[in-house]
Amino acid sequence: MEFRGNPLTYLNGFISASRNIFLTSSVGLALFTYSSTFKIQSSIYIVKIASMAILGFAILYGLNTIYSMHHFLKLMKEQKREIPKYIQVNLWKNYMYLNIFYITLLFIILVLGIIRFLNRYN
């Protein structure tokens, strides 16, 4: 595969995908806390499972986004083409690391939520 075109277009896609991760995980977390307002136990059960599924989706979406950016940066490096000065690869890596940190936090929250869910409903 050859690296072509404007790399900033790829960065814009990465930033957009990152924003989607934040928004999706926010919906999952809000749904998890909203589930406690129900009176019927089965409704709480269903909404909590749905919220954990949304959080799982956000994590998988984030992992795919991180892998994609890593692959693109590796491809740029392997091509050994001169990267324009306005492309700040170190800054791009920082964005990737921030996403890794956020995905890790989401994973911890999801695991704790699953443990709490299993302890409470078993």
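Predicted model: local features only at pLDDT ≥ 70, side-chain atom pairs only at ≥ 80, totals over all residues.
1. The residues of helix 3 that are buried are Trp92, Met96, Asn99, Ile103, Leu106, Leu110, Gly113 and Phe117. Buried means under 20% relative accessible area, exposed over 50% and partly exposed in between, with a 1.4 Å probe and protein chains only. Helices (H or I, at least four residues) are DSSP runs numbered from the N terminus. The cover over these buried residues includes helix 1 and helix 2. Contact here means heavy atoms within 4.5 Å.

2. Residues are numbered from 1 along each chain as its sequence is written, and side-chain values use heavy atoms, with hydrogens and water left out.

3. The expected span is 1.5 Å times one less than the number of residues in the helix. Helix 1, with 28 residues, reaches 41 Å from its first C-alpha to its last, close to the expected 40 Å.

4. Trp92 lies in helix 3. Trp92 counts as buried because its relative accessible area is 2%. Not counting residues up to four places away in sequence, Trp92 touches Pro7, Leu8, Leu11, Met69, Phe72, Leu73, Met76 and Ile87. The C-alpha atoms of Trp92 and Leu60 are separated by 20 Å, with the two residues 32 apart along the chain.

5. Trp92 also belongs to the largest nonpolar core, which has 20 residues; Met69, Trp92, Ile103 and Leu106 are those with the most contacts inside it. A nonpolar core is a set of buried Ala, Val, Leu, Ile, Met, Phe, Trp, Tyr and Cys residues joined through side-chain atoms within 4.5 Å. At least two residues of this core come from each of helix 1 (7–34), helix 2 (41–79) and helix 3 (89–121). Helix 2 gives the largest share, 9 residues.

6. Which residues of helix 1 are buried? They are Pro7, Leu11, Phe14, Ala17, Ser18, Ile21, Ser25, Gly28 and Phe32. These buried residues pack against helix 2 and helix 3.

7. Ser18 has its place in helix 1. Ser18 counts as buried because its relative accessibility is 6%. Leaving aside neighbours within four places in sequence, Ser18 is in contact with Thr65 and Asn99.

8. The packing of the helix pairs deserves a separate comment. Helix 1 and helix 3 pack at an angle of about 20 degrees, with their axes 12 Å apart. Helix 1 is therefore roughly parallel to helix 3. Angles under 35 degrees count as roughly parallel, over 145 as roughly antiparallel, 65 to 115 as roughly perpendicular and the rest as oblique. Axes are lines fitted to C-alpha atoms, for helices over the stretch in contact, and angles run from 0 to 180 degrees between N-to-C directions. On the helix 1 side, residues making this contact include Leu8, Ile15, Ser18, Phe22 and Leu29; on the helix 3 side, they include Trp92, Tyr95, Asn99, Tyr102 and Ile109.

9. Helix 1 and helix 2 pack at an angle of about 165 degrees, with their axes 8 Å apart. Helix 1 is therefore roughly antiparallel to helix 2. For helix 2 and helix 3 the angle is about 155 degrees and the axes are 9 Å apart. Helix 2 is therefore roughly antiparallel to helix 3.

10. The crossing is left-handed for helix 1 and helix 3, for helix 1 and helix 2, and for helix 2 and helix 3. A crossing is left-handed if the near helix is turned anticlockwise from the far one by less than a right angle, and right-handed if clockwise.

11. Exposed positions complete the account. Leu112 is placed in helix 3 and counts as exposed because its relative accessibility is 53%. The C-alpha atoms of Leu112 and Asn99, 13 residues apart along the chain, are separated by 20 Å. Lys85 is found in the loop between helix 2 and helix 3 and counts as exposed because its relative accessibility is 83%. Between the C-alpha atoms of Lys85 and Ile103, 18 residues apart along the chain, the separation is 30 Å.
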